[in-house]
Amino acid sequence: MSMRKLLAAALLLVPANAASAEGPGLGQPLAEEEIPFYARYVMPDGRGLPEGSGTAAAGSAIWGEKCATCHGATGIEGPVMPPVGPNDVWAKPAGRYWPYATTLFDYIRRAMPLDAPKSLSDDEAYALAAFILAANGVIGEGDEMNAESLPKVVMPNRDNFLDVWAKQGATPW
């Protein structure tokens, strides 16, 4: 009998209760307030989005203060990956080519600005997402982005991605 067949047979003999053991019993669960925002996931359907809101107008002021140095005054110029376009620098900007607007929000909240990641408030992250989406023509200038409206944004390139979330079901991990 081959080694693979022996291993498969051994796994079949493992009692069901051993396979569902909860672990070694180390540590303790964290309370909700002990989990930092950047350790939470924002899913494409909006699960995990925080309270808050923002508009492109509010995002424009924040952009000028915290984003323009790297991404240009309007988000088109760069020098670092411009999120508005397409343009000569970047053919597939995040504001048009990412599959989900929730991913854009999550990335902004976790990683921006480059010199102070995780420093934006939820309202600032929503406003910056709204600014980028409006600058790309994905939403209207006056549209407010929040936990209810952001997941409803249909990104222009969404259909060119494989929807792994749908394939994995309700619990992808």
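Q: Why is Gly46 called buried?
A: Gly46 has 12% relative accessibility; buried means under 20% relative accessible area, exposed over 50% and partly exposed in between, with a 1.4 Å probe and protein chains only. Gly46 therefore counts as buried. This is a predicted model, in which local features need pLDDT of at least 70 and side-chain atom pairs count only at pLDDT 80 or more, while totals for chains, interfaces and linings use all residues. Residues are numbered from 1 along each chain as its sequence is written, and side-chain values use heavy atoms, with hydrogens and water left out.

Q: Which residues does Gly46 touch, not counting residues up to four places away in sequence?
A: Gly46 touches Thr102 and Pro151 on that count, where contact means heavy atoms within 4.5 Å. The C-alpha atoms of Gly46 and Thr102 are separated by 6.5 Å, although the two are 56 residues apart along the chain.

Q: Why is Glu124 called buried?
A: The relative accessible area of Glu124 is 18%, so Glu124 is buried. Glu124 is in helix α7, residues 122–135; helices (H or I, at least four residues) and strands (E, at least two) are DSSP runs, numbered from the N terminus. Leaving out residues up to four places away in sequence, Glu124 touches Ile62, Lys66 and Ser119.

Q: Why is Lys118 called partly exposed?
A: Lys118 has a relative accessible area of 38%, and therefore is partly exposed. Lys118 is found in the loop between α6 and α7.

Q: What makes the phi of Lys118 worth noting?
A: Phi of Lys118 is near 70°, a positive value in a residue other than glycine. Most residues other than glycine have a negative phi.

Q: Which peptide bond has omega of about -10°?
A: The bond joining Met112 and Pro113 has that omega and is cis. Pro113 is found in the loop between α6 and α7. The peptide bond from Gly85 to Pro86 is also cis, with omega near 10°. Most peptide bonds are trans.

Q: Which residues touch the most other members of the largest nonpolar core?
A: Ile108, Leu133, Ile139, Met145 and Leu150 do, in a core of 30 residues. A nonpolar core is a set of buried Ala, Val, Leu, Ile, Met, Phe, Trp, Tyr and Cys residues joined through side-chain atoms within 4.5 Å. The largest share of this core, 10 residues, comes from α7. Not counting residues up to four places away in sequence, Ile139 touches Ala130, Leu133, Ala134, Met145 and Val153.
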